[in-house]
Amino acid sequence: MSSIRELRGLSLAAGFLLLAGCRHDNWMMYGHDSSHSAQQPHEKTLDVAAAGTLNFTSTGWVFQSGGSFVASPTVYDDTVYIGDGVTGIFYAVHARGPNQGKVRWRYPPAVAPTPADACGTTTAPLLLSVGSGNPSGPGIASSAAISDDVAGHTAVIFGAPDPTSNGGDGRLWALDAQTGQCIWKSEVIAPTSGSSKIGYSSPVIAHDHAYLGVSARVPDAPITVGQLFAVKLSDGKKDPAIPFSATNGPAGGGIWSSPAITPGGNLLVTTGNSCFNSDPDCSPNVPSQDYTMSMAKLDWHNNQILWQLQPVAIQHDHDPDYAASPMVAKTHCGTLAIGVQKDGYVHAVHVRSGGFHSNPLCSYAGHNLVCPHWSFPPAPSLPFEDDSHGDTRFIRPGAVDHGRVYITGGGYNLTAIAPYGGAIILNRLYSLNACGEDDDRVRWIYDVNGAGAGAPSVANGLIYVGADTEFDTSATPHDFDVLADTEVVKATKFVCSYPQGPPAPIPPGPVCSAGFKTVPVPERVGHLTLTGAIPGHPAIAEGRVFVATTAGYLYGLAP
Amino acid sequence: MKSSRTVQSVLLLFGSALLLFAGCARTEVDEEAPPEPVRHAQKLRPPLEYRAVEGTQGALRQAVLYSQKVPALSTDLEVRSMLVLARESVLPTDRETLVEVRAGEVWTVSGAERKAHPTGDIWLVGKGSHMTLKAKGEMAVVRAISLAAKPGR
């Protein structure tokens, strides 16, 4: 009898542990987890009714930094972590409870520690003293990641300039999540003596390392060699076995994004443009190692390339960076690596197992590339070799919930003839069917009320997305919407999958011609007006939503 | 009895660790892919050769995409692709030119008027007018279509 009871107990414990092994109600890093799905799989409290009551005035809260948030919030153990892009201060803010919205600690602290800590912490903010360019500087644009295995601490890790080192050498910082004390600062990753910095790239944690990339200190002036670094969590030292460079000669391939981790533990990176056309002084020769403007899978043991997708041939590089981070989607049609390029094309590649992969049908001289599983809009042949692939500002990553992708891309407008629909539309959020045919790719379309749409997040079938105005740090009102996926709430409005401008309500039926289809517009089930543009992913954790704005507002939205 | 409890505890610990690991295990199996969709091979064109427009120090470079005499109109039709960097440069206006932004965004200054042209914008630049161009971001591409009178006409 006793053994039966023990067995029952063991079974229960086993079930719990099996679930607990991967369960995080927190939002542990940029894009929630190392796949950058931007999906909170454990959210059950926020349903359609609760999402409609989200607020920051009664049960929720708002915190003002006095600067600008371009990073996305990270949430762990009832605390929100985020660095300020202008003031160079990193904050831990109480997420709930009697002190919600109040600073739990900040780094650097108001008073320098005595005796000095391992990092030589002062009160100087984490700022680059000279030349930083766009909102990727001068302060902290890198979102934080949580690791519970940093020299015996649970740590919050992010990239930022070191004000005590040559005017802001870029390093990774590991701070104790509870106290804010510095555990280590890494070896220098982006020296100010060079041309790179840690910009928006946010660390991803895997294999006892933190991985992140570097990009140009001043955007494309000059372009820098994109590099991926691995820093050991134990002591902050760079792992010399894992440097990855996007080229072996002329500058190019800056890593503006955060690497993702595939199910097999390998690395997925996206890279920026080359200097082939952007710099008149740049060599007209194609580098023999050209991983620029690419999405690529790297072997985590040695950072060797396992496959590379480069949709635009380097000779036609007109600055179509992969600025947005890639995401890994586990679907019923396989595991896909999905990302949007600045030209507005969304490409999805099968992650693939085994060694090196390429396909001559999508390659060209000096390049061994793979073909995407699909592209949106469809791309019958690759690489592109026309002059329309450039700096068109599709720079926000998406979210994915199994086979349902939520992302701002160019859609069919990209292939339309100007001015009839050829205009670039940056505020149109698409839901794409990752496993459908090209004809059925678009699940629904939603136009965010604003110049652009920020990076979305998804939980419990609800999509959270803010309006974004690039380069705007003013305290202007911006919409924040909660949308119900059409599988959760049946749509009542419909548009053509190629709406030719803002979608107008039309009755359901065969009103689209030329192969386009009538698709639904998802119902908006929650709406708030927040102060400042919302470029990043909202973080969803334990029944609350945390949103950061470029006007320096951090919101804790509660039902 | 005591040793049996110890064995049970060890097994429990081992099993727990295994399950905890299994809950988060990464598997190479998840990376396997179905066969690729069928694609047609494409014949790549030779890359364009962009040359600096005189007097722009490389901030404006162009390549001729298409050039054809049009006998009925006694003109030459020329289509050029122009790369515009984030430095102001003067657009050549030796002929009337239709300009289309193909990628990126362009600032133009003509007289007192400063205007932003997003991708897809089309406008006409008159012969002999003065217009400067500058990429709003890091680089932009414009297409220039000109009808030029034949010399001596």
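Two strands count as paired if DSSP finds at least two bridges between them. Helices (H or I, at least four residues) and strands (E, at least two) are DSSP runs, numbered from the N terminus. Keep that in mind for what follows.

This is a predicted model: local features need pLDDT of at least 70, side-chain atom pairs count only at pLDDT 80 or more, and totals for chains, interfaces and linings use all residues. Residues are numbered from 1 along each chain as its sequence is written, while chains are lettered from A and ligands numbered from 1 in the order in which they are written. The scores are ipTM 0.78 and pTM 0.91.

Chain A next. Look at the open sheet of four strands, in the order E15-E16-E17-E18. Its pairing is antiparallel. At the edges sit E15 (260-261) and E18 (305-309) of chain A, and each pairs on one side only. Now go inside. Strand E16 (residues 267-270) of chain A meets strand E17 (residues 295-298) of chain A over four bridges. Which residue in E17(A) is the bridge partner of A:Leu267? That is A:Leu298.

On to chain B. One helix, ten strands. Of the 153 residues in chain B, 25% are buried (20 or more other C-beta atoms within 10 Å of the residue's own, with C-beta atoms placed from the backbone). Now contacts, meaning C-beta atoms, placed from the backbone, within 7 Å. Take those in chain B between residues at least 6 apart in sequence: 65% join residues at least 24 apart.

Last, confidence in chain B.

Key:
Buried ≥ 20, exposed ≤ 12 C-beta atoms within 10 Å, placed from the backbone. Contact = placed C-beta atoms within 7 Å.
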